[in-house]
Amino acid sequence: LTDEEILKIEKLVNDNINARHEVVTNIMNVEEAKASGAMALFGEKYGDEVRVVTMGDSRELCAGTHVANTSDIKHFVISSVESIGSGIYRILAFTGENYMENLKESLVNIYDDLNAVMEKTNNLLNDYKIKGFTSSVVESKDYNLEVVGYQYIIELRKRVLCAKEYLKNLTKEYNELNSKNALSSISEFDQYVVGNTLVCKVENYDNGVLKQLADALLNKLGKGVVFLANVVDGKIVFVCKQNDKFNAGSLVKLAAVITGGNGGGKPDIAQAGGKDVTKLDEALLAV
């Protein structure tokens with residue numbers, strides 16, 4: 001079912017609730033029940049006498065109990081729809097005075113997803129402040145959480161999508177600013193130079209810019225080797241460039257293997273990947 005179809009079902013039920021239909025129960029034989037237009041659901045077997053429940057235009061065979069009036073149900077909000085067969089759906093819904101509170105409590109997975117995105121966003125914005133960056137990215141507000149009913153689920157999903165898009169754009173901008181900042185201030189890497197080698201860890205660099213940074217650092221070094229380990233989202237990219245007696249491919253492979261990855265390259269420039277950030281210090285020491 002589409003969201004639009006689910007909303008129509010929800011509205012139909014609520015219209016019948018608000019119509020304040022009296023719930024009428026009659027006991028009759030099966031033939032009389034069928035003649036009256038009562039629906040028999042799920043192919044169930046019935047005895048000689050059946051219980052027929054009528055609520056407005058709805059008339060069904062039912063062995064269960066019901067409210068005295070449809071208005072006693074108060075509210076009806078659909079929380080999920082599951083297909084259980086060809087054209088057959090199982091609908092989970094909440095009723096009563098606390099229908100929205102119960103609905104929100106059932107949306108744990110969506111809230112967890114949203115909270116995870118918000119945490120990453122807040123951490124990234126904190127990195128902006130630490131580095132003195134100013135963001136031009138504006139978060140979209142293309143959602144409305146003041147609504148009730150199943151529409152709230154639709155709007156909450158939009159909220160998650162907007163938050164993810166904002167984080168994506170924010171991350172892209174941060175990486176660009178971080179990279180430009182690095183290329184414009186390569187003197188900050190002087191502290192990592194030992195003899196004719198430069199080995200260090202960086203974070204959240206665009207991989208394309210990482211190679212440019214290695215070029216710039218090697219040019220400044222003159223002759224030697226530059227080895228950079230870039231950590232992004234818990235993964236590592238090793239880039240090595242050299243114009244001396246070393247082998248860049250061997251060096252990145254050494255670091256990659258230690259951190260649970262693999263890779264290699266040419267003697268003068270190479271790139272590899274690593275997975276275990278906890279082994280990164282060990283890998284850099286080995287290099």
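Predicted model: local features only at pLDDT ≥ 70, side-chain atom pairs only at ≥ 80, totals over all residues.
## About the model

Local features here need pLDDT of at least 70, side-chain atom pairs count only at pLDDT 80 or more, and totals for chains, interfaces and linings use all residues. Residues are numbered from 1 along each chain as its sequence is written, and side-chain values use heavy atoms, with hydrogens and water left out.

## The sheet

Let's start with the open sheet of six strands, ordered β6-β7-β8-β9-β11-β10 with mixed pairing. Strands are DSSP runs of E with at least two residues, helices are runs of H or I with at least four, and both are numbered from the N terminus. Two strands pair if DSSP finds at least two bridges between them.

At the edges stand β6 (193-194) and β10 (262-265); each has a single partner strand, so one side of each lacks a neighbour in the sheet. Strands β8 (residues 225-232) and β9 (residues 235-242) pair in the antiparallel sense over eight bridges. A229 has F238 in β9 as its bridge partner.

## Two helices side by side

Helix α5 (residues 150-184) packs with helix α6 (residues 207-221) at an angle of about 5°, their axes 10 Å apart. The two are therefore roughly parallel (angles under 35 degrees). In this contact (heavy atoms within 4.5 Å), α5 contributes S179, A182 and L183, while α6 contributes V209, Q212 and L213.

## A buried asparagine

N14 sits in helix α1 (residues 3-18). With a relative accessible area of 17%, N14 is buried (under 20%, using a 1.4 Å probe and protein chains only). Leaving aside residues up to four places away in sequence, N14 touches H75 and F76.

Definitions and conventions: Axes fitted to C-alpha atoms, helices over the stretch in contact; angles between N-to-C directions. Parallel < 35°, antiparallel > 145°, perpendicular 65-115°, else oblique. Buried < 20%, exposed > 50% of the residue type's maximum accessible area, 1.4 Å probe, protein only.
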